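Here is a short briefing to read beside the model. Have the sequence and the 3D view open, and follow the points one topic at a time.

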Amino acid sequence: MARIRNRRKPVAEMNVVPYIDVMLVLLVIFMVTAPMLNQGVKVDLPKVSSEALPQDNNSLVLTISIKADKTYYWTMGEEVDPDQGKDSETATALPALVQAVTAIMSQNASQGKKVQVFVRGDKAVDYGSVMAVMGGLQEAGVGNVGLITEAP
């Protein structure tokens, strides 16, 4: 019986499977460690007057104020309301504010109107309260927020 031998030629291609595995492991490592690199740095901010934000005259302005006792007020108008006039609406809790802003944003988006959002915070309000409002605004679909300050 004659045995037929199947001769194979040596394969000259590089096996890239191990390199793909290594790259995926490195990708996962970098995805996990990247958010940890941007935690923050202690900074003493200078006390200077700030420049006015550009205001689009064709859009409505939603001004949200945070008082020292952490009550929230909001008002809609054609321009920034520097002293929160009589027609201010009040929301006793952050979820009520987020719900109101969501309704305002969806109503104006359906009508094709742009809304600029500005936040006024009392100087006695802690940073966490202002950041909670900013997070609530992000939940409500607000992408761009301006912070209102007073000249020294």
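**A walk around strand S1**

Strands here, like helices, are DSSP runs numbered from the N terminus (E, at least two residues, for strands; H or I, at least four, for helices). This is a predicted model, in which local features need pLDDT of at least 70 and side-chain atom pairs count only at pLDDT 80 or more, while totals for chains, interfaces and linings use all residues. Residues are numbered from 1 along each chain as its sequence is written, and side-chain values use heavy atoms, with hydrogens and water left out.

**The chain as a whole**

- Three helices and five strands make up the chain, and from the N terminus on their order is α-β-β-β-α-β-α-β.
- Of its 152 residues, 24% count as buried, which here means under 20% relative accessible area, with exposed being over 50% and partly exposed in between (1.4 Å probe, protein chains only).
- Among contacts (heavy atoms within 4.5 Å) with a separation of 6 or more, 61% are between residues 24 or more positions apart.
- The chain exposes about 12400 Å², and 58% of that comes from carbon and sulfur atoms; the areas follow the Shrake-Rupley method with a 1.4 Å probe, and for residues only the protein chains shown count as cover.

- S1 covers residues 60-66, and seven of its seven residues are buried.
- Both of its faces are covered: one side carries Leu60, Leu62, Ile64 and Ile66, and the other carries Val61, Thr63 and Ser65.
- On one pairing, S1 runs parallel to S4 (residues 115-121) through seven bridges; two strands count as paired if DSSP finds at least two bridges between them.

**The hairpin loop**

- Five residues lie between the strands in the hairpin of S1 and S2, and Lys70 is found in this loop.
- What is the phi of Lys70? Its value is near 65 degrees, which is positive in a residue other than glycine.
- For background, most residues other than glycine have a negative phi.
- Lys70 counts as partly exposed because its relative accessibility is 40%.

**The nonpolar core**

- The largest nonpolar core has 20 residues, and Leu62, Ile64, Val101 and Leu137 have the most contacts inside it; such a core is a set of buried Ala, Val, Leu, Ile, Met, Phe, Trp, Tyr and Cys residues joined through side-chain atoms within 4.5 Å.
- S1, S2, H2 (94-110), S4 and H3 (127-139) each give two or more residues to this core.
- H2 gives the most, with six residues.
- Leaving aside residues up to four places away in sequence, Ile64 touches residues including Trp74, Leu97, Val101, Val117 and Leu137.

- Asn108 is found in H2.
- Is Asn108 buried or exposed, and why? At 6% relative accessibility, Asn108 counts as buried.
- Beyond residues up to four places away in sequence, Asn108 touches Leu60, Met76, Lys113 and Val115.
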